[in-house]
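Biologist: I have a chain open on my screen and would like to go through it with you. Can we start with one of the helices?
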Amino acid sequence: MDPDGMAKAFVDHYYTTFDTNRAAVEGLFQEGSMLTFGGEKFTGAAAITAKLTSLQFSSCKHHVTTVDCQPSGPTGGILVFVSGTMHFGGGEPPPQVFHLMPAEPENFYVLNNYRVNYE
């Protein structure tokens, strides 16, 4: 699959999972994965999932506006930049960036997840 198709498929899967069963996003991370969220860094699938499941809203719905991507590095990674809206009772989320790495043919995991914060 081409990088654009892979990025779009990943984004659809990630946000559908996040919106319907947030704890299940753990399977998209590995122990070397890192999340930066609100200036804090979380490393490893369990720590990332703990942060995401501790967010103060119980339900939400993402509406993706744009998905831009670029191939990243010689090992087949993909850098994905996502913008859109998230309905959870107020506010719009900042853009989000994922650095995906191949786990096996046509499967990727999240190496880095940046939630860019605007102050």
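Modeller: Helix H2, residues 45–53, lies across S1 and S2, and runs at about 40 degrees to S1. Keep in mind that this is a predicted model.

Biologist: Which strands does helix H1 lie across?

Modeller: Helix H1 covers residues 3–20 and lies across S1, S3, S4, S5 and strand S6, which is 107–115. Its direction is at about 145 degrees to S3.

Biologist: Back up a bit. How many helices and strands are in the chain?

Modeller: The chain has two helices and six strands. Read from the N terminus, the elements go α-β-β-α-β-β-β-β.

Biologist: And in what order do the strands sit in the sheet?

Modeller: The order is S2-S1-S6-S5-S4-S3, in an open sheet of six strands with mixed pairing. At the edges are strand S2 (40–43) and S3, each of which pairs on one side only. On average, neighbouring strands of this sheet are turned by 25 degrees against each other, direction ignored.

Biologist: Take S3 and S4. How many bridges join them?

Modeller: There are 11 bridges between strand S3 (residues 61–72) and strand S4 (residues 77–87), and the two run antiparallel. As an example of who faces whom, Gln 70 is opposite Leu 79 in S4. The hairpin of S3 and S4 has four residues between the strands, and there Gly 73 takes a positive phi near 80 degrees.

Biologist: What about S4 and S5, how many bridges there?

Modeller: Five bridges connect S4 to strand S5 (residues 96–104), and these strands are antiparallel. Phe 81 has Val 97 in S5 as its bridge partner.

Biologist: Now the other hairpin, S1 and S2. Which residue takes a positive phi there?

Modeller: That is Gly 38, with a phi near 60 degrees, in a hairpin that has two residues between the strands. S1 and S2 run antiparallel and are joined by four bridges. Phe 37 stands opposite Glu 40 in S2.

Biologist: I clicked on Ser 33. Where is that one found?

Modeller: Ser 33 is in strand S1, residues 29–37.

Biologist: Buried or exposed?

Modeller: Ser 33 counts as buried because its relative accessible area is 0%, and the cut-off for buried is under 20%.

Biologist: It has a polar side chain, though. What lies 2.4 Å from a polar atom of the Ser 33 side chain?

Modeller: The backbone oxygen of Val 110 does, at 2.4 Å. The backbone nitrogen of Gln 30 is 2.8 Å from a polar atom of the Ser 33 side chain.

Biologist: Which residues does Ser 33 touch, not counting those up to four places away in sequence?

Modeller: On that count, Ser 33 touches Phe 42, Thr 43, Gly 44, Ile 48, Tyr 109, Val 110 and Leu 111.

Biologist: Why do Tyr 14 and Tyr 15 count as buried?

Modeller: Tyr 14 is at 1% relative accessibility, so it counts as buried. Tyr 15 is buried because its relative accessible area is 6%.

Biologist: Which residue makes a polar contact of 2.7 Å with the side chain of Tyr 15?

Modeller: The side chain of Gln 96 makes that contact, at 2.7 Å. Gln 96 is in strand S5, and it counts as buried because its relative accessibility is 3%. Apart from neighbours within four places in sequence, the contacts of Gln 96 are Tyr 14, Tyr 15, Val 80, Phe 81, Val 82, Asn 113, Tyr 114 and Arg 115.

Biologist: Last one, for the whole chain. What share of the residues is buried?

Modeller: Of the 119 residues in the chain, 40% are buried. The accessible surface is about 6,500 Å², and carbon and sulfur atoms account for 54% of that.

Conventions: Residues are numbered from 1 along each chain as its sequence is written. This is a predicted model: local features need pLDDT of at least 70, side-chain atom pairs count only at pLDDT 80 or more; totals for chains, interfaces and linings use all residues. Side-chain values use heavy atoms; hydrogens and water are left out. Buried means under 20% relative accessible area, exposed over 50%, partly exposed in between (1.4 Å probe, protein chains only). A polar contact is a pair of N or O atoms within 3.5 Å; within protein, one must be able to donate a hydrogen and the other to accept it, and residues adjacent in sequence count only if both atoms are side-chain atoms. Contact means heavy atoms within 4.5 Å. Accessible areas come from the Shrake-Rupley method with a 1.4 Å probe; for residues, only the protein chains shown count as cover. Two strands pair if DSSP finds at least two bridges between them. Axes are lines fitted to C-alpha atoms, for helices over the stretch in contact, and angles run from 0 to 180 degrees between N-to-C directions.
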